[in-house]
Amino acid sequence: MIVRRPRIDELSGLSDLCFRSKAVWGYDQTFLEACRGELSFGQHDLEETHVAVAEQNGGILGVVQVKVSSGEAELLKLFIEPHALRKGTGRVLFAWAAEVSRRKGASRMVIEADPDAAPFYSRLGARTAGGAPSGSIPSRLLPRLTFDL
């Protein structure tokens, strides 16, 4: 598996990957469509944040996006192709995000996780730090976690 920067022409496919990955949790189509904006990538993401893909045998298995500012990192996206779940891809991409964040001067990473994904981050050492409002669904509260870098 290699971790690399995505190409602009891959952004649409990465958005689709995020959508497929989110659907694994059993959300209905209405919910998923409400999240589409947050699940999508644009060219500005490559310019304003740090994005990487995990690739194996020419196929993309997952994507991660992190934003670093003022000594703090925010994990914006970490999505894995459904067929690649529970095979180590998420751990590899999380480690990449943590390393980039450290190099850019962050001392912690904040994660606003899907409720079903929060246990994954906890297993990696993230701690619960309250809740955060969803950017897509009004009145929905997401688990907020922090990870010391």
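Two strands are taken to pair if DSSP finds at least two bridges between them. All views below show a predicted model.

**Figure 1. The hairpin of β3 and β4.** Strands β3 and β4 pair in the antiparallel sense, over 8 bridges. Within this pairing, Lys-67 has Glu-74 of β4 as its bridge partner. The two strands form a hairpin with 2 residues between them. Ser-70, in the turn, has a positive phi of about 50 degrees, although Ser-70 is not a glycine. With a relative accessible area of 82%, Ser-70 is exposed, because the cut-off for that class is over 50%.

**Figure 2. The loop between β2 and β3.** Asn-57 is placed in the loop that joins β2 and β3. Its phi is near 50 degrees, a positive value in a residue other than glycine. Asn-57 counts as exposed, at 83% relative accessibility.

Figure 3. Strands of a sheet pair through backbone hydrogen bonds, in either the parallel or the antiparallel sense. The parallel sense is found between β4 and β5, over 4 bridges, and here Glu-72 stands opposite Arg-108 of β5.

Figure 4. Strand β6 pairs with β7 (residues 141–148) in the antiparallel sense over 5 bridges. Pro-133 has Leu-141 in β7 as its bridge partner. Gly-131 is also found in strand β6. Leaving aside neighbours within four places in sequence, Gly-131 is in contact with Leu-141, Leu-142 and Arg-144. The C-alpha atoms of Gly-131 and Phe-147 are 15 Å apart in space, and the two residues are 16 residues apart in sequence. Gly-131 counts as partly exposed, at 38% relative accessibility, because this value lies between the cut-offs of 20% and 50%.

Figure 5. The relative accessible area of Thr-89 is 2%, so the residue is buried by the cut-off of under 20%.

**Figure 6. The nonpolar cores.** The largest nonpolar core has 26 residues. Those with the most contacts inside this core are Leu-75, Leu-78, Phe-94, Met-109, Ile-111 and Tyr-121. At least two residues of the core are supplied by each of β2, β3, β4, α4, β5, α5 (118–123) and β7. Helix α4 gives the most, with 5 residues. Apart from this core lies another, of 17 residues, among them Phe-31, Leu-32, Val-63 and Phe-79.

**Figure 7. The surroundings of Phe-94.** Phe-94 is one of the residues with the most contacts inside the largest nonpolar core. Leaving aside its neighbours within four places in sequence, Phe-94 is in contact with Leu-75, Leu-78, Met-109, Ile-111, Tyr-121, Leu-124 and Phe-147.

**Figure 8. The largest pocket and its lining.** Rolling a probe the size of a water molecule over the atoms shows where empty space is left. About 900 Å³ of space lies in the largest pocket. The pocket is lined by 36 residues. Which of these lie nearest its centre? They are Leu-78, Phe-79, Asp-114, Ala-117 and Tyr-121. Each of α1 (11–23), α2 (29–39), β4, α4, β5 and α5 supplies at least two residues of the lining. The largest share, 7 residues, comes from β4. Leu-78 and Tyr-121 are also among the residues with the most contacts inside the largest nonpolar core, while Phe-79 belongs to the core of 17 residues.

Notes
Residues are numbered from 1 along each chain as its sequence is written. This is a predicted model: local features need pLDDT of at least 70, side-chain atom pairs count only at pLDDT 80 or more; totals for chains, interfaces and linings use all residues. Side-chain values use heavy atoms; hydrogens and water are left out. A nonpolar core is a set of buried Ala, Val, Leu, Ile, Met, Phe, Trp, Tyr and Cys residues joined through side-chain atoms within 4.5 Å. Buried means under 20% relative accessible area, exposed over 50%, partly exposed in between (1.4 Å probe, protein chains only). Contact means heavy atoms within 4.5 Å. On a 1 Å grid over the protein atoms alone, a cavity is a set of points where a 1.4 Å probe fits but cannot get out, and a pocket is an open set with protein on both sides within 12 Å along at least five of seven lines; lining residues have an atom within 4 Å of a point. Grid points are joined across faces, edges and corners, and a volume is the space filled by probe spheres set on the points.
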